[in-house]
Amino acid sequence: MRAIVQRVSKAEVRSGGRLLGKIGRGFAVLLGVARDDREADADYILDRVVGLRVFADAAGKMNLALNRVEGALLVVSQFTLMADTSQRRPSFTGAASPTDAQRLYEYFLSRARLLDVSVEQGEFGAEMELELVNEGPVTIILDSRIR
């Protein structure tokens with residue numbers, strides 16, 4: 001499983017002109033599921049996301065995690081994170097099937113909602129528009145295969 005985590009001051013996702021999710025301060029998370037991913041991969045990525053200490057403390061140092069700043073998550077599925085770019089035309093054969101990917105995406109969301117954090121989401125499998133203001137900019141790449 002891969003995640004692109006962007007520290008944001010605000011973010012929203014839309015599909016077909018309708019608002020699906022909107023947050024203020026927090027993380028916009030693009031989440032890609034690989035063919036052989038399991039719940040343990042989702043748990044690992046979620047633990048890393050909520051534990052990232054990239055929000056400024058009183059001294060201006062990146063030292064605080066999401067819950068310390070009352071931040072939120074906006075999670076959007078993105079199978080293109082699994083792209084094999086060894087050729088100019090990306091291949092997505094490493095991505096999970098839509099059924100498996102949706103199951104793990106929903107699992108990730110359900111586990112996130114058990115934490116002390118507000119969670120918004122995109123619509124699995126939909127064409128979406130993501131608008132955000134990346135603070136910093138701070139962008140972190142997480143991969144459950146790289147620990």
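**The pocket, the sheet and the core**

By class, the residues lining the largest pocket divide into 14 nonpolar, six polar and two charged. Please bear in mind throughout that this is a predicted model. The volume of this pocket comes to about 450 Å³. Its lining is made up of 22 residues, and those closest to the centre of the pocket are S77, Q78, F79, A126 and M128. Which elements each supply at least two residues of that lining? They are strand 3, strand 6, helix 2 and strand 8.

Seven of the seven residues of strand 3 are buried, so the strand is largely enclosed by the rest of the structure. Its pairing with strand 1 is antiparallel and comprises seven bridges; there, I4 stands opposite L30 of strand 3. With strand 6, by contrast, strand 3 pairs in the parallel sense, over six bridges. Two positions illustrate this pairing: G26 has A72 of strand 6 as its bridge partner, and L30 stands opposite V76.

Now to strand 6 itself. How many of its residues are buried? Six of its six residues are, and the strand is thus mostly covered. A72, L74 and V76 point one way from the strand, whereas L73, V75 and S77 point the other way, and all are buried. Strand 6 also runs parallel to strand 7, residues 118–121, and four bridges join the two. In that pairing, A72 stands opposite S118.

I come finally to the nonpolar cores. The largest has 31 residues, of which F27, I45 and L73 touch the most other members. At least two residues of this core come from each of strand 1 (2–15), strand 3 (26–32), helix 1 (39–51), strand 6 (72–77), helix 2 (98–112) and strand 8 (129–143). Helix 2 gives the most, with six residues.

What does L73 contact, once its neighbours within four places in sequence are left aside? The list is I23, F27, V29, L46, V49, V50, L66, A112, V117, S118, V119 and E120.

Key. Residues numbered from 1 in each chain as written. Predicted model: local features only at pLDDT ≥ 70, side-chain atom pairs only at ≥ 80, totals over all residues. Heavy atoms only, no water. Core = buried A, V, L, I, M, F, W, Y, C linked by side-chain atoms within 4.5 Å. Buried < 20%, exposed > 50% of the residue type's maximum accessible area, 1.4 Å probe, protein only. Contact = heavy atoms within 4.5 Å. Pairing = 2+ DSSP bridges. 1 Å grid on protein atoms, 1.4 Å probe; cavity = no way out; pocket = protein on both sides within 12 Å on 5 of 7 lines; lining within 4 Å. Points joined across faces, edges and corners; volume = space filled by probe spheres on them. Nonpolar A, V, L, I, M, F, W, Y, C, P; charged D, E, K, R; others polar.
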